[in-house]
Every structure is written in C-alpha cells, then in structure tokens.
Amino acid sequence: MTWRLRRATPDDLDDVMAIESSVFVTDAWSREGMQHELASPDGWYLVATPESDDTLVEGYAGLQVLPGAPDADVQTIAVLPHARGRGLGRTLMTQLLNEARRRGVREVFLEVRADNPGAQALYLSLGFEQIAVRPRYYMPDGVDAFVMRLAVPAPTTRPADSESEQIA
Ligand SMILES: CC(C)(COP(=O)(O)OP(=O)(O)OC[C@H]1O[C@@H](n2cnc3c(N)ncnc32)[C@H](O)[C@@H]1OP(=O)(O)O)[C@@H](O)C(=O)NCCC(=O)NCCS
C-alpha cells in the first residue's frame, strides 16, 4: 500500500474527526478543538491518502510549534487499523520531525498513554526518551501519561573535501 501525504486543511475536519473519534474513543479531541488545530497558524498537520483514492483519509498527524520557539509538541497521530503496520505512522512522524528541524526546533515533546506500548515503541525507535509521568492524565480512564522528549540534532553542513568526496 502506498499513501500520499499532504498538508491538512480545515476542509479535512470531517475525515480527521471520523478517525479521531473511532481510534481514541474515550479521550478523543472535540470537533471544536480539532477545528482550531487545523486552522491554527501554529499547527502543521498532515493527512495521508491512499495513492489510489485521494478523497480517502487513512491517517493524520500534527505538530504544534510557536513562531521562533525552541521546542515543539507532537499533538496527535493516528492511522486507521487496516492501514497499520506498513510504515505509515513512522513516515508521518518523520515528516513532523523534519518540519520541526526546518523551523529550527531543538526539542520535540509528546505525551503517550502508559497503556500504549505500540506508540511508545515507535517513539523510542525515533530517538524519543521518557522524561516524566503525569499520573491519571487521561480521563475518564485514569491512565498515566508518559512525557517523552527528542533532542533534535542540529543540521550539520561542511565544505566538500575534494580528496575525500571523490568516488572511485
Ligand atoms: C501508533 C500508530 C500511529 C502507528 O502507526 P503504524 O502505521 O502502524 O506504524 P508503523 O507501521 O510505521 O510502525 C512503526 C513502529 O511502531 C511500532 N509499533 C507500531 N504498532 C505496534 C504494535 N502494535 N506493537 C508494537 N510496536 C508497534 C514499531 O516500533 C514499529 O516499528 P517496526 O515497523 O520497525 O516494527 C498506530 O498504531 C495508531 O494509529 N494507533 C492508534 C492511535 C495511537 O495510539 N496514536 C498515538 C497516540 S500517542
């Protein structure tokens, strides 16, 4: 399966909310909250559509970064169940982190439910580390949140070395 990623717009609200409310159920964002996110100049949201049908949204992810801020937050990420396990979640996260780096962000934070080992494994594999626990953060379930942080490596550039860059 192949997907196209594009920047989300306020017109994607219905599709994003359909996934949000089916995937997160008890702690889904409200429609108003998501509407605000998609319209916010501080938000950067992506939606994924299958290559065969660009009217279907099968996943999304969003970053919040205030202008000039040294840190950013991964606000949310979700992939429909039938599309999971094929690399889409990792690709969405990688694109968010690339955008954070483009904006000069040095640290990215996120919260994840303590009972969500799949998402935690994804974040750990991307270099996030757990830095704190927020007890009973997710209500009404009373589930703890793990706060995770990624130190974004600064982009490195160096002048090309005519000797060592030659390809034999
Ligand atoms: C978390 C989520 C976005 C991952 O999306 P995905 O498209 O399945 O992810 P990928 O296929 O790119 O997998 C990336 C990595 O995630 C981890 N992972 C994903 N699902 C996993 C699972 N069920 N168990 C263990 N690890 C899992 C693995 O480390 C995997 O790496 P690998 O492919 O090298 O094994 C998806 O499972 C989802 O939407 N879950 C429900 C919503 C959610 O929990 N969002 C996160 C809120 S903080």
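**Figure 1. Contacts of V57 in the predicted model.** Leaving aside residues up to four places away in sequence, V57 touches D12, D15, I19, V47, A48, T49 and L80, where a contact means heavy atoms within 4.5 Å. The model is predicted: local features need pLDDT of at least 70, side-chain atom pairs count only at pLDDT 80 or more, and totals for chains, interfaces and linings use all residues. Residues are numbered from 1 along each chain as its sequence is written, and side-chain values use heavy atoms, with hydrogens and water left out. V57 sits in the loop between β2 and β3; helices (H or I, at least four residues) and strands (E, at least two) are DSSP runs, numbered from the N terminus. With a relative accessible area of 10%, V57 is buried. Buried means under 20% relative accessible area, exposed over 50%, and partly exposed in between (1.4 Å probe, protein chains only). R7 and V57 are 50 residues apart in sequence, and their C-alpha atoms are 12 Å apart in space.

**Figure 2. The whole protein.** The protein contains 4 helices and 7 strands, which follow one another along the sequence as β-α-α-β-β-β-α-β-α-β-β. Its C-alpha trace spans about 60 × 40 × 30 Å along the principal axes. Of its 168 residues, 39% count as buried. Among contacts with a separation of 6 or more, 58% come from residues 24 or more positions apart. There are 16 positive and 25 negative side chains, and the centres of the two sets lie 3 Å apart. Lys and Arg count as positive and Asp and Glu as negative, while His and the chain ends are not counted; each charge is placed at NZ of Lys, CZ of Arg, CG of Asp or CD of Glu.

Figure 3. Helix α2 covers residues 31–39, and its buried residues are M34, E37 and L38. Seen down the axis of α2, these residues fall within an arc of 95 degrees, so they line one face of the helix; the arc is that of the directions from the helix axis to the C-beta atoms. An α-helix has 3.6 residues a turn, so residues three or four places apart point the same way. The cover over the buried residues of α2 includes α1 (13–24), β2 (43–50), β3 (59–64) and β4 (71–79). On the face turned away from the buried side are the exposed residues E32, H36 and A39.

**Figure 4. The loop residue V25.** V25 is located in the loop between α1 and α2. Its phi is near 50 degrees, a positive value in a residue other than glycine. V25 is exposed, with a relative accessible area of 58%.

Figure 5. R136, in strand β6, has a positive phi of about 50 degrees although it is not a glycine. Y137 and Y138 form an edge-to-face aromatic pair, with 5.1 Å centre to centre and 90 degrees between the planes. Rings of Phe, Tyr and Trp (its six-membered ring) pair if their centres lie within 6.5 Å; planes under 30 degrees apart count as stacked, over 60 as edge-to-face and the rest as tilted. The structure holds 2 aromatic pairs. Y137 is partly exposed at 38% relative accessibility, whereas Y138 is buried at 15%. M139 and P140 are joined by a cis peptide bond with omega of about 10 degrees. P140 belongs to the loop between β6 (129–138) and β7 (143–151).
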